[in-house]
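This report describes a protein model in terms of its helices, strands, pocket and backbone. The sequence and the structure are shown first.

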Amino acid sequence: MRKFMASARLLAGAAGAGALLSGVPAYADQPQPWETAFQAPATEMMRQIEWFGNYTMWFVVPITVLVLALLAVCVLRFRASVNPVPSRTSHNTLIEVIWTVGPVIVLLLIAIPSFQLLTAQYTPPEEAKLTVKATGNQWNWDYEYQIDKSFSFNSAVLQDADRAKAGKEDRNLYPRLLAVDNELVVPVNTMTRVLITATDVIHSFAVPSFGIKMDAVPGRTNETWFKAEKEGLYYGQCSQLCGKDHAYMPIAVRVVSDAQFKTWMETAKTDVPAANKALMAAIDGTNKVAAAGN
């Protein structure tokens, strides 16, 4: 389904293919209007989740069609006008065996890969090379990089009046209600541990393209992880009802090269806004070079 929707969007945007190619490293994936499938996966874990979703559809669709067919047969064949004398049959051993054994088999076929996927989500394949603490507030996020000399900053929804000053006027790249003033920056192909907590009420840290969603609970620290395989800008949102501005609590993660991350971090330790502007300029320059090469 996701591949079908992606193909449809590709055909619809063929006229602007040149502009799209110039921004491949920056665009990654984000929610689309009327989207009915998952966002494009940026991690191995999300690919497994997507596979499991497609796998379960092989059970959901036939079962739904079968139930609708049985309902149609009951309505048409056993309605009072054509069946004035109801059957007095009370037992059918074969049917009872089928509707008992059948669901058990289906549940086993779904449960086994489901448990395997759940286990994989809580079992990182390697040690984390970067640890970031994400703290949910009403209604923004604090990010703390736990390195030798730790530093932290706040990330809140980007106001329209601040777009020009932040250099984020492109609404395709920085969508309304998803763009933030300061993104969480991480290096590509790096195992990243995220420690998640909250200061007031329960929030939830979720980034669909990474296949992660973890509650942020006051007084408790939860943990999740991801290893982004593609550079770009990825969006998520708080996925737990947390008050009147719940809808205005986005999450933005910018995945960059190792060299860009090291340069950004050196500046971010003392000046996060300046580090972000320098990083955006470097990414724009890379995109322009890539566009010229095409």
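Helices (H or I, at least four residues) and strands (E, at least two) are DSSP runs, numbered from the N terminus. The model is predicted: local features need pLDDT of at least 70, side-chain atom pairs count only at pLDDT 80 or more, and totals for chains, interfaces and linings use all residues. Residues are numbered from 1 along each chain as its sequence is written, and side-chain values use heavy atoms, with hydrogens and water left out.

**Annotated spans**

The unreviewed UniProt entry carries the annotation "transmembrane region" for residues 52-76 and 97-118. UniProt positions are given in the numbering used here, feature names are shortened, and annotations may be inferred rather than shown by experiment.

Rolling a probe the size of a water molecule over the atoms shows where empty space is left. On a 1 Å grid over the protein atoms alone, a cavity is a set of points where a 1.4 Å probe fits but cannot get out, and a pocket is an open set with protein on both sides within 12 Å along at least five of seven lines; lining residues have an atom within 4 Å of a point. Grid points are joined across faces, edges and corners, and a volume is the space filled by probe spheres set on the points.

The second largest pocket holds about 410 Å³ of space. Its lining has 23 residues, and those nearest the centre are Met45, Ala120, Gln121, Tyr122 and Trp225. At least two lining residues come from each of helix 4 (44-77), helix 5 (93-121), strand 7 (212-216) and strand 8 (222-226). Strand 8 gives the largest share, four residues. By class, the lining has 12 nonpolar, six polar and five charged residues. Here Ala, Val, Leu, Ile, Met, Phe, Trp, Tyr, Cys and Pro count as nonpolar, Asp, Glu, Lys and Arg as charged, and the others, Gly among them, as polar.

**Strand pairing and burial**

Two strands pair if DSSP finds at least two bridges between them. Buried means under 20% relative accessible area, exposed over 50%, and partly exposed in between (1.4 Å probe, protein chains only).

Strand 1 (residues 130-137) is largely enclosed by the rest of the structure, because seven of its eight residues are buried. Strand 1 runs parallel to strand 5 (residues 192-198), with seven bridges between them, and Ala134 stands opposite Ile196. With strand 2 (residues 140-145), strand 1 pairs in the antiparallel sense over six bridges; there Lys133 faces Glu144. A hairpin of two residues links strand 1 to strand 2.

In strand 9 (residues 232-238), six of the seven residues are buried. Strand 9 is antiparallel to strand 6 (residues 203-207), to which two bridges join it, and Phe205 has Cys238 as its bridge partner. Six bridges connect strand 9 with strand 10 (residues 250-256), again in antiparallel orientation; Tyr235 stands opposite Ala252.

Strand 10 also runs parallel to strand 4, through four bridges, and Arg254 is the bridge partner of Val185. In a regular strand the side chains alternate between the two faces of the sheet. Both faces of strand 4 are covered, with Leu184 and Val186 buried on one side and Val185 and Pro187 buried on the other.

**Backbone features**

Most residues other than glycine have a negative phi, and most peptide bonds are trans. A cis peptide bond, with omega of about 5°, joins Gln138 and Trp139; Trp139 lies in the loop between strand 1 and strand 2. Trp34 has a positive phi of about 60°. This residue sits in the loop between helix 3 (24-27) and helix 4 and is exposed, at 81% relative accessible area. Asn189 likewise has a positive phi, about 55°. Asn189 is placed in the loop between strand 4 (184-187) and strand 5 and, at 44% relative accessibility, is partly exposed.

**Cysteines**

How many disulfides does a search of the whole structure find? The search finds zero, where a disulfide is a pair of cysteine sulfur atoms within 2.5 Å. For Cys242, the closest cysteine sulfur is that of Cys238, at 3.8 Å, which is too far for a bond. Cys242 is buried at 5% relative accessibility, whereas Cys74 is partly exposed at 45%.
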